[in-house]
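Trainee: Could you take me through one part of this model up close? I'd like to hear about the charged pairs on its side chains.

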Amino acid sequence: MKKSSRILSIVLALMLMVTSVSAVTVFVSAKQPFEGADEKIIDNVVYLKYKDKPIASEPDFKGTYYSVTNLCNSEEEAKKMTEISIRGEIDSIPVKTIENQPYTQFKAASIKKITVPESIVQIGERAFTRFSNLKRVALSKNLKGIGEMAFDKLARLESVSIPAGV
């Protein structure tokens, strides 16, 4: 009886190890960017290039595009800025989305205006949250979707026009 319970314990331990390795592999691979990913930082804005990554507001889109992954890459640089102008394209490739943003914008208290180019079709959750002095956001007329809490905690916001198609 002892021998069979020991064998069972070994088998269970091996199964747990295999399952753990598989779970870790899946987790790590899920964190990696899509094929062809290329990061660029321009004017303190971080862009990531995707190939054939789905866009919620354009489910049939296939192709290469850039997405804004962080509106303020450096706290030091952000302190010197009063405006963020997102690029419409990089290397002739359109910038189509602003991804869900981390809660780090409070470090960019000097930002008063954000301009979103016509190429943007999707704005992620918390995109402009906590830019404490943000007064104006100029949105794309081609915008089709805005994530939850995109304009949360903006006590000084004076103007934002949301296109009819959103």
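Mentor: Let's start with E77 and K80, which sit three residues apart in helix α2 (residues 75–80), about one turn of the helix. Helices here are DSSP runs of H or I with at least four residues, strands are E runs of at least two, and both are numbered from the N terminus. Keep in mind that this is a predicted model, where local features need pLDDT of at least 70, side-chain atom pairs count only at pLDDT 80 or more, and totals for chains, interfaces and linings use all residues. Residues are numbered from 1 along each chain as its sequence is written, and side-chain values use heavy atoms, with hydrogens and water left out.

The side chains of E77 and K80 form a salt bridge at 3.4 Å, N to O; the term means a side-chain nitrogen of Lys or Arg within 4 Å of a carboxyl oxygen of Asp or Glu. E77 is partly exposed at 38% relative accessible area, while K80 counts as exposed at 63%. The cut-offs are under 20% for buried, over 50% for exposed and partly exposed in between, using a 1.4 Å probe and protein chains only.

Elsewhere, shared partners tie D38, K40 and D91 into one salt-bridge network. Within it, the closest N and O atoms of K40 and D38 are 3.8 Å apart. K40 is partly exposed at 25%, and so is D38 at 27%.

E99 also pairs with K53, again with 3.8 Å between the closest N and O atoms. That pair links distant parts of the chain, 46 residues apart: E99 is in the loop between β6 (93–98) and β7 (113–115), K53 in the loop between β2 (45–51) and β3 (64–70). Searching the whole structure gives 10 salt bridges.
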